[in-house]
Amino acid sequence: MSEGFTAIPFTAAGLLLVLDLTGSFVFALSGALVAVRRGLDLFGVLVLSFAAASAGGILRDLLIGAVPPAAISQPRYVAVACLAGLLVFYRHQMIERFRNPVQISDAAGLALFAVSGAQKALGAGLEPAMAALLGMLSGIGGGIARDVLVAQIPAVLRADLYAVAALAGAGVVVAGDLAGLPAGPSMLAGAALCFGLRVMAIRYGWHLPVPRQPDARSDRDDGPPQ
Amino acid sequence: MSEGFTAIPFTAAGLLLVLDLTGSFVFALSGALVAVRRGLDLFGVLVLSFAAASAGGILRDLLIGAVPPAAISQPRYVAVACLAGLLVFYRHQMIERFRNPVQISDAAGLALFAVSGAQKALGAGLEPAMAALLGMLSGIGGGIARDVLVAQIPAVLRADLYAVAALAGAGVVVAGDLAGLPAGPSMLAGAALCFGLRVMAIRYGWHLPVPRQPDARSDRDDGPPQ
Amino acid sequence: MSEGFTAIPFTAAGLLLVLDLTGSFVFALSGALVAVRRGLDLFGVLVLSFAAASAGGILRDLLIGAVPPAAISQPRYVAVACLAGLLVFYRHQMIERFRNPVQISDAAGLALFAVSGAQKALGAGLEPAMAALLGMLSGIGGGIARDVLVAQIPAVLRADLYAVAALAGAGVVVAGDLAGLPAGPSMLAGAALCFGLRVMAIRYGWHLPVPRQPDARSDRDDGPPQ
């Protein structure tokens, strides 16, 4: 994958790969579901599957200079995304029925991407605070790309405790690195924290504050804000 | 252009340049037409011309690490896009009248970009399957950027046999490379296949399957899918 | 920051940094205001603050190969954007009251980003014409990202004399470089021109021509343009 990996012991690299592929599959499901609901054709479903699965990691790799990004240099990520896309395309009524399992899987994907993204950013020599943010971006970037491609405001920007969970998990990885702890346990702890926060947010409806709106009117055509 | 070119004989490089500029002009027309229809001003028309012409190639070059991308390092691509944009801005009623010629030119642009994009990706040492996908991305990326910039769902994701034609053309180039054939004939064959498929799709209304929708209601504000 | 800086005398580099941070703060205000108006949550407000402040510079840095981009490698840009975002989140009614000061600050931010962006592009060895365009992109890219993230057509593409002011300012920097003048005075002159044009455009309602529309109907679902 990226050059950063040479500094990571073999087991962590192997763990990262499994996490990456699992997270990709789950995120691809979410992309395909959005595509089906918005009436895209088969190609659109596959594109949204890949975008949701890989856009966060691709953006992270571009930003740290790890080109070609892992999701481009190795066909396995496209293959996993297409598998998820085809499954949803032909069986989306079945998938839709399992809203809860899909939400739980998505929380797992978020946790995996956030910690592996933070680890890769650290490996590329980024500042600790920025490595944590890039970990978060790895987790939420796919969902943002998915929603932009169907001309919607990204869900992560207006609902739920989602990005904060990713940032917390990535932060654990970075803190462990600063403390000189081995990468494996830090990543497990970070993933557990992110997953736990996300599941709690789903169950109890946790969300971030929204500004009070003096005027509820849409400003869709108001022009520039200043 | 990119480093990949040093490995390609002179004639193929020259051919690529002509194809690139021709394809850029035709794609820029499509960007400008969308911009005019959506009521953008002159600057918006020129931006959409350039985005439609160059976003696919720029994204491909970023992903394979060929920076600065050809469309940024050389003014000729901006010049061609502005030419097309001005033509449409001042004569769009004339251009709109020729819907069929524009569609045919667009099919030619798609064919040129797909095969030249695949060739560049091969030159950068990508896996064959990923080189074919990057060829396709070179062909369709401009149209996606054009539509995202006017807050529409990209046409390529929901209508017509468009991306598949690009993928088929790019696939011929990659297959020729795997078989050890010279680049020129492979590119001509790939472009012919892509162009032919696209023209047939226009004429006969070929399109990809769309999932059956159990519920036709919009889910614009339904929040995240999981 | 980028490698290009090694060729610039210390004072110009220091000036660039101050301009960058000031411009980032002002642009972040504009991103946060859009986010608040569109009902995003606190995280969405911070993301739009950072996107509006940094997307133009990040895109420029990716295009010239200066990775990781300055806004990613140094936490100060995120810090400045978060500061602006929090200010707007908790005091947006106060900020909204000062429409004119915000517009003037935004004009200053545009001027700063355009000239510093052009200078960085020249430092990376780009063609003069392309360096001017990248300067313009540095100035307007954040606003484009901000609007795309809330599924709106970017304001810069359809209203006002905004990009042209940025291009004029960037052009002065490039012309000064071609004439062998020192960078500092060129940048000051370019920034003054950009700022002056923008303020005049606000005051007198200057805008670019819009194409005459034979048919005013929306073509939101018309499919591809060709």
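This report describes chain symmetry, an aromatic pair and several helices in a predicted model.

## Basis of the values

The model is predicted, so local features need pLDDT of at least 70 and side-chain atom pairs count only at pLDDT 80 or more, while totals for chains, interfaces and linings use all residues. Residues are numbered from 1 along each chain as its sequence is written, chains are lettered from A and ligands numbered from 1 in the order in which they are written, and side-chain values use heavy atoms, with hydrogens and water left out.

## Relation of the chains

Chain B is superposed on chain C by a rotation of 120° with 0.0 Å of shift along the axis, at an RMSD of 0.0 Å. Within chain B, A151(B) has the C-alpha nearest the axis, at 3.1 Å. The copies use different surfaces, as 19% of the contact residues of chain B recur in chain C; contact means heavy atoms within 4.5 Å.

## An aromatic pair in chain C

Rings of Phe, Tyr and Trp (its six-membered ring) pair if their centres lie within 6.5 Å; planes under 30 degrees apart count as stacked, over 60 as edge-to-face and the rest as tilted. There are 9 aromatic pairs over all chains by this rule. In one of them, the centres of F27(C) and F113(C) are 4.9 Å apart and the planes stand at 50°, so the pair is tilted.

F27(C) belongs to helix α1 (residues 10-37) of chain C and F113(C) to helix α5 (residues 99-123), so the pair links parts of the chain 86 residues apart. Helices are DSSP runs (H or I, at least four residues) and strands likewise (E, at least two), numbered from the N terminus. Both F27(C) and F113(C) are buried, meaning under 20% relative accessible area with a 1.4 Å probe and protein chains only (exposed is over 50%, partly exposed in between).

## Two bent helices

Helix α6 (residues 128-149) of chain C bends by about 45° at I140(C). The bend is the angle between axes fitted to the seven residues ending at a residue and the seven starting there. Of the 22 residues of α6(C), 18 are buried. Just after α6(C), A151(C) has a positive phi of about 60°.

In chain A, α4(A) has a kink of about 95° centred on R91(A). Its buried residues include Y77(A), A84(A) and I95(A).

Technical notes
Copies are superposed by least squares on the C-alpha atoms of residues with pLDDT of at least 70 in both.
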